[in-house]
Amino acid sequence: MDLTGTTVLVTGASGGIGAGVARRFAEAGATVLKHAHRADGDFLRADLTDERACADLFAEATGTLNAVVNCAGVQPDQDLDGMTVADWRAVVDTNLVSAFAITQAAAKAMRDNGGSITHIASIQGTQPAAGHAHYCASKAALIMHARTAALEYGRFGIRVNTVSPGLIDRPGLADAWPDGVARWHAAAPLGRLGTPEDVGDACVFLASPYARWITGHDLVVDGGMSARPTW
Ligand SMILES: NC(=O)c1ccc[n+]([C@@H]2O[C@H](COP(=O)([O-])OP(=O)(O)OC[C@H]3O[C@@H](n4cnc5c(N)ncnc54)[C@H](OP(=O)(O)O)[C@@H]3O)[C@@H](O)[C@H]2O)c1
């Protein structure tokens, strides 16, 4: 893929997946604007649960914006019994309300030239996981939000999609969650965890001219886990 001459804004670029996405766009030749919430470094910083901060972020990203990949998100483990409304809101605000504000701001920036918006959802947007009721609900709604945005913004040449990763490796994961990682290895048809670059390549594809007729789609990137029969 050659994205030379294009500009992409990657939110959550200080995180595991966001960093991989930013790397793959840079390797494809794109100019990459990297966002983070609090991380130090070469980032545009904004709390994306704050609508004003989100609009300001897009104002900072001056020039033609061809693509946005929204990787910002949180994924805390909490059983329903111990969960408060504040816990629920914190996840939904970060994973979903922010996506609404980002989509609106991005669509405004892309209205004259078209563009591509990709939100990172999750296979947990279509498959439940204990301890993740708020997270699963936020990702399910994110997928539907993107499909609806695709309907409304198609006439401006703006495509809106989601990428739903499976379990993505990060330093320390196998030590922190040995049984989960072992179960994943045993069950995934492609026999390994994902990498941030696996997700990044899917996002580069969706932002490229090769995906010019793809919008309102949820692209599952999970080594085949979702294809596994459950009976
Ligand atoms: N890891 C997986 O296996 C997996 C699988 C499926 C889907 N996902 C999804 O992929 C996305 C990235 O996951 P990850 O594993 O890379 O997470 P991560 O390493 O924890 O990174 C999260 C990113 O989100 C940013 N962020 C958090 N709260 C924010 C806020 N209020 N405003 C703006 N930015 C905020 C963080 O910024 P700071 O660093 O500055 O705090 C960081 O850049 C998430 O949406 C996650 O749900 C992950």
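Close-up 1. At least two residues of the ligand's shell come from each of α1 (16-27), β2 (31-36) and α4 (133-153); helices (H or I, at least four residues) and strands (E, at least two) are DSSP runs, numbered from the N terminus. This is a predicted model, where local features need pLDDT of at least 70, side-chain atom pairs count only at pLDDT 80 or more, and totals for chains, interfaces and linings use all residues. Residues are numbered from 1 along each chain as its sequence is written, and side-chain values use heavy atoms, with hydrogens and water left out.

**Close-up 2. Who sits around the ligand.** There are 30 residues around the ligand, and Ser 14, Ile 17, Arg 38, Tyr 135 and Lys 139 come nearest (near means a heavy atom within 4 Å). Sorted by class, the shell holds 14 nonpolar, 12 polar and 4 charged residues; here Ala, Val, Leu, Ile, Met, Phe, Trp, Tyr, Cys and Pro count as nonpolar, Asp, Glu, Lys and Arg as charged, and the others, Gly among them, as polar.

**Close-up 3. Polar atoms facing the ligand.** The side chain of Ser 14 has an N or O atom 2.6 Å from a ligand oxygen. For Lys 139, a polar side-chain atom lies 2.8 Å from an oxygen atom of the ligand, while Gly 12 brings a polar backbone atom 3.2 Å from a ligand oxygen. The protein buries 84% of the 910 Å² that the ligand exposes when taken alone (Shrake-Rupley method, 1.4 Å probe).

**Close-up 4. The pair α3 and α4.** Helix α3 (residues 85-110) and α4 cross at roughly 15°, with axes that come within 9 Å (axes are lines fitted to C-alpha atoms over the stretch in contact, and angles run from 0 to 180 degrees between N-to-C directions). So α3 is roughly parallel to α4, a label for angles under 35 degrees.

Key:
A polar contact is a pair of N or O atoms within 3.5 Å; within protein, one must be able to donate a hydrogen and the other to accept it, and residues adjacent in sequence count only if both atoms are side-chain atoms. Angles under 35 degrees count as roughly parallel, over 145 as roughly antiparallel, 65 to 115 as roughly perpendicular and the rest as oblique.
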